[in-house]
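Biologist: I am new to this structure and would be grateful for a close look at a single part of it. Could you begin with a loop and follow the backbone from there into the surrounding fold?

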Amino acid sequence: MSEPAIFGIRHHGPGSARSVLKALAELQPDLILVEGPPDAQEVLPLAADPGMKPPVALLLYDPAEPRRAVYYPFAEFSPEWQAIRHGLQHAIPVRLMDLPQAIRLALEIEAETTTEPVGPVDEAAADADSSEPPAVNPTEEDRDSDEDEDEDEDETSTLPDLRRDPLRWVAEAAGYGDGERWWEHLVEQRQDSRELFQAIRELMATLRAEADAQSPPEEAEQRREAAMRVQLRAARKEGFERIAVICGAWHVPALSDVPPAREDNARLKGLPKRKLAATWVPWTHGRLTHASGYGAGVEAPGFYQHLWDSAGEPTTRWLARIAQLLREHDLIASTASVIEAARLAEALAALRERPRPTLEELNEAALAVLCHGETAPLRLIEEQLILGERLGEVPDGTSMLPLQQDLQRQQKRLRLPPEAGQRLLELDLRKPNDLERSQLLHRLNLLDIPWGRAERASGKGTFKEHWRLRWQPELAVAVIEANLWGNAVLDAATARARDKAQHGEQLSELTDLVEQTLLAELPDAIGEVMERLQNVAALTSDIPHLMDSLPPLARVLRYGNVRQTDAGLVGHVVDGLIARIAIGLPSACGSLDDEAAQAMFDRLRATNTVMGLLRNPEQTAIWQGALAKLSDQSGLHGLLAGYACRLLFEQGALPPPETARRMGLALSLTGEPIQAAAWLEGFLHGSGLLLLHNEALWGILDAWVSELPGEAFTPLLPLLRRTFAGFPAPERRQIGERVRRGGVKRTAIASETEVDVARADRVLPVAARLLGIA
């Protein structure tokens, strides 16, 4: 019986994948062992289905706690993926070997009970494939990362810990800046050969010997490698003679020099287990990058896909794709420029003693020749080609929960396929298909499946809705978790709304829930939600909470008929909220500091927007009465007093002469300059048109600023700048031009009473005597 052939690879690399396929074709194994979770063995045959289109990922999760989930991503250029497909297509048995994820998850839960708990393992970066050792004190994101570079470590050390990043040591010795570049140049861009694996084996044996001399391996790493050896021994006992092992390069020495079986069995004996479920889910190129937080990620999945697809002459084809992309965006990119860029890339590679241009040389050539030195087109290239975002597909036969199946059926029926890139979607709610799309997206948001985010619509139309859609791979876990609420999207959203209503304590939360329930069209839940809202509203006396609760209900009243929902259910609730806000507003605005006044100012703006949205004369009259009381209230913060005066003036409830009188009193030199500036900020918030079109107001402000003493003007300048900075640029320009022209007749600042100088002089002797002045 021959020794197993062990191929050490990097998890996402076209060169490694190509070399693995050639090695398998030469070896013709009778069994292929691939590093991966044995828990997913039952779903592995689906990898050969024609409907399985990478990038995809194996998803393992705890059915009792779906957020405890781990992904094992595969791209088309992943060596493991090519090995699995090769075995399945040639009727060669394929097995996954590693410490079962059921054990690893159980060990993590045990650790959480003895240490500070960590969050649920549901990040896309969670990966259990490694070509290098796990990080010290690893998180789920990088515990088994391929090349867990740590370039931002302690800057006083020239090299990181050997066990943490072994390739960095080799790269430094070879003159490369990091292990990523070294591996790419010497391995991923190779077009041959099986001898590569023997070199990797010798290199890793040397590195591991050095690492073991520095510090012993962690227990988690030893358990994983013990499990791999146990499964390798079991395969040999079954009679397989030509076994091919595809694993992370770091593990090759541990699988070559096998210790006695009793040591491995003792290490694995008595470990806890959890019951897990496994399935396939679509993945994206964006989630294969280092930038996404994926420990075993690569820098340029789109470029790697190009290297896999263009084995013959990748340089010219890559530059041709760049030229095509630039032309699609109306940028000049001629065939001659492509040829010149290719020559430049080849020359740069020759100068750097590299066998062929790498992505670094190609980017420099594209920047110089095709982008004419401009970085903006290069960012387009990075987004569209180097990243090359795409969303994989899984076949219909993939095991799914009922909620997943119902969601897929609705996506197909409504012609709303998930996409990896961002997509802007405009819905016309008068069309039945668009209305159902809106309801589906609102139901998913209610279930904490944020596939789409509603955007603020431009214009005044009530029948348009704008969404920004982007399907993220981790949403698969959110769908699995939401299955606990029901087997269909409608049923699950209804149950979730009822549960939120039962446990909701804050009035603002319940009003948001009412809006969500009506927009999602959940007739079986709205009655219970409204009953809970009325009970909580009756017990709520806090005016800020009442004000925060009003906008969602107002939107329901305004847009309910367009969405074919019964908005009348909330009408009387809104009436009650407005009346209670009007009664309690003056007391709620009293004795506020600057921070509290700013918070109340934001609530006043939102409430006033609600009144404009509802356009109810009776409600408007109540609101104006509350503003009038507020503007007359003594001791009120200047920001609120000024804004109340502004609203009354805009709504015609305060005549221009009276407005000018109040402004004069607020800006009187006898008052505090800071409060005067705050009043001015509230009065002029967002628009300077009042000053441009009202001569009296302009004159009052001009006189106040001109007569401020120097010691008062300096601290007020930032406040005035902040006020005027909120004006649109054209308004600021017009105000500046008017000030430069000058010649404005100043209006005298009013005072509360006219002063009789003769009578005032009579008091001076008495006042001087009381003050002890000679």
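Modeller: Ser591 is exposed, with a relative accessible area of 78%; exposed means over 50%, buried under 20% and partly exposed in between, using a 1.4 Å probe and protein chains only. This is a predicted model, in which local features need pLDDT of at least 70 and side-chain atom pairs count only at pLDDT 80 or more, while totals for chains, interfaces and linings use all residues. Residues are numbered from 1 along each chain as its sequence is written, and side-chain values use heavy atoms, with hydrogens and water left out.

Ser591 sits in the loop between helix 22 (571-588) and helix 23 (594-614); helices (H or I, at least four residues) and strands (E, at least two) are DSSP runs, numbered from the N terminus. Its phi is positive, near 55°, although the residue is not glycine. Most residues other than glycine have a negative phi, and most peptide bonds are trans.

Gln28 also has a positive phi, of about 50°, and is not a glycine. Gln28 belongs to the loop between helix 1 and strand 2 and counts as exposed, at 55% relative accessibility.

The peptide bond from Pro54 to Pro55 is cis, with omega near 5°.

Strand 3 (residues 56-62) pairs with strand 7 in the antiparallel sense over 6 bridges; pairing requires at least two DSSP bridges between two strands. Within this pair, Leu59 has Thr279 of strand 7 as its bridge partner. The open sheet of 3 strands has the order 4-3-7, with antiparallel pairing. Strand 4 (65-74) and strand 7 (277-282) are the edge strands, each pairing on one side only. Neighbouring strands of this sheet are turned by 30° against each other on average, direction ignored. Helix 17 (residues 475-482) packs on the sheet and touches strand 3, strand 4 and strand 7, where contact means heavy atoms within 4.5 Å. The direction of helix 17 makes about 150° with that of strand 4; axes are lines fitted to C-alpha atoms, for helices over the stretch in contact, and angles run from 0 to 180 degrees between N-to-C directions.
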